[in-house]
Amino acid sequence: MSNYTTSAKDIIGPSPLIAIVNEAPARLIVDPPLPEPLAQGRVFIQYRTENLRVLPVFGKGALDVSPRVGHIHITVDDAPWHFVDTSGETIILVGLKPGLHKVLIELADPTHKVITSETVTFTVPDLK
């Protein structure tokens with residue numbers, strides 16, 4: 001049995017005030033939609049990142065920022081377009097027709113270059 005107390009750094013990561021040498025690769029972790037809202041036809045997708053902070057910072061100059069910054073691109077059902085989110089908050093989609101859907105979530109750098117991605121598939125119930 002250990003008396004180790006979890007530190008703030010263990011939970012929230014390194015301080016954003018100090019540059020990180022040799023940063024680990026950015027990671028994207030995406031959960032399936034929350035079941036309760038989905039049962040009502042609303043899609044709530046939680047995600048988190050590791051080794052990258054989601055912020056509204058763009059452009060080539062931001063590539064050298066440490067800790068690393070970026071944003072996400074969200075594409076619904078293979079649409080020819082995507083939207084960008086910099087909030088770092090739960091993705092909320094409403095108004096999808098009943099049936100099978102997929103959402104592509106891409107983690108991108110400040111120049112919109114995709115670093116990694118995850119796809120979530122789910123079925124919106126027919127509420128009739």
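What share of the contacts in the chain with a separation of 6 or more do residues 24 or more positions apart account for?

**View 1. Contacts and fold of the predicted chain.** This is a predicted model, in which local features need pLDDT of at least 70 and side-chain atom pairs count only at pLDDT 80 or more, while totals for chains, interfaces and linings use all residues. Residues are numbered from 1 along each chain as its sequence is written, and side-chain values use heavy atoms, without hydrogens and water. Residues 24 or more positions apart make up 58% of the contacts with a separation of 6 or more (heavy atoms within 4.5 Å). The chain has two helices and nine strands, in the sequence order α-β-α-β-β-β-β-β-β-β-β (DSSP runs: H or I of at least four residues, E of at least two).

**View 2. Extent and burial of the chain.** The C-alpha trace spans about 55 × 50 × 20 Å along its principal axes. Of the 128 residues, 29% are buried (under 20% relative accessible area, 1.4 Å probe, protein chains only).

**View 3. The largest pocket.** Its volume is about 540 Å³ (the space filled by probe spheres set on grid points joined across faces, edges and corners). A pocket is an open set of points on a 1 Å grid over the protein atoms alone, where a 1.4 Å probe fits, with protein on both sides within 12 Å along at least five of seven lines; lining residues have an atom within 4 Å of a point.

**View 4. Lining of the largest pocket.** Of 18 lining residues, Ile 12, Thr 49, Asn 51, Leu 52 and Arg 53 lie nearest the centre. Two or more residues each come from α1 (8–12), β3 (47–50) and β4 (53–54); β3 gives the largest share, four residues.

Terms used
Buried < 20%, exposed > 50% of the residue type's maximum accessible area, 1.4 Å probe, protein only.
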